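Please consult the sequence and the structure shown here alongside the text.

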Amino acid sequence: MLTCYSRAIAVRRIVMVLGVGSLMLSGLAAVSPPAAAKEKYTVDPVTGTKYKPDPEMKELLTTLAALGGKPIETLTPTEARSQPTMADASTPC
């Protein structure tokens, strides 16, 4: 039977082992990708992500950018509601 003192030591060791394991995993996750991976995931200027748009979507995104929307965090709610949308950028068939 474990005494209160030995039980506390056992719990402390378990917590230390789990803590060290989680620190090691978080350290591995923080390692930057190799240069080849960085080249593979270059940011597309149209989408702002690593994904390239389809030709039709690229045209729509370019048209939307030309409408001159502003960053939403700089606007009041009323101004944000009057920003151009995808509907404004699309042309009727």
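The model is predicted, so local features need pLDDT of at least 70 and side-chain atom pairs count only at pLDDT 80 or more, while totals for chains, interfaces and linings use all residues. Residues are numbered from 1 along each chain as its sequence is written, and side-chain values use heavy atoms, with hydrogens and water left out.

With a relative accessible area of 78%, Pro 45 is exposed. Here buried means under 20% relative accessible area, exposed over 50%, and partly exposed in between (1.4 Å probe, protein chains only). From C-alpha to C-alpha, Pro 45 is 10.0 Å from Thr 62 in space, and the two are 17 residues apart in sequence.

Val 43 also lies in the loop between helix 2 and helix 3 (55-66). Val 43 is exposed because its relative accessible area is 59%. Leaving aside residues up to four places away in sequence, Val 43 touches Gly 48 and Thr 49, where contact means heavy atoms within 4.5 Å.

## Helix 3

Helix 3 contains 12 residues and spans 17 Å from its first C-alpha to its last, close to the 16 Å expected at 1.5 Å a residue. The expected span is 1.5 Å times one less than the number of residues in the helix. After helix 3 comes Gly 68, which has a positive phi, near 80°.

## Gln 83

Gln 83 occupies the loop between helix 4 (77-81) and helix 5 (86-89). Its relative accessibility is 18%, and Gln 83 therefore counts as buried. The side chain of Gln 83 reaches the backbone nitrogen of Lys 70 at 2.7 Å. Apart from residues up to four places away in sequence, Gln 83 touches Gly 69, Lys 70, Leu 75 and Asp 88.

## The protein as a whole

The protein has five helices and zero strands, giving the pattern α-α-α-α-α along the sequence. Buried residues account for 4% of its 93 residues. Of the contacts between residues at least 6 apart in sequence, 22% join residues at least 24 apart.

## Confidence

The mean pLDDT (the predictor's confidence in each residue, from 0 to 100) is 74, and 61% of the residues reach 70 or more. Confidence is lowest in helix 2 (residues 35-40), with a mean of 60, and highest in helix 4, at 90.

Note on methods. Helix = DSSP H or I, 4+ residues; strand = E, 2+ residues; numbered from the N terminus. Polar contact = N/O pair within 3.5 Å; in protein donor to acceptor, adjacent residues only side chain to side chain.
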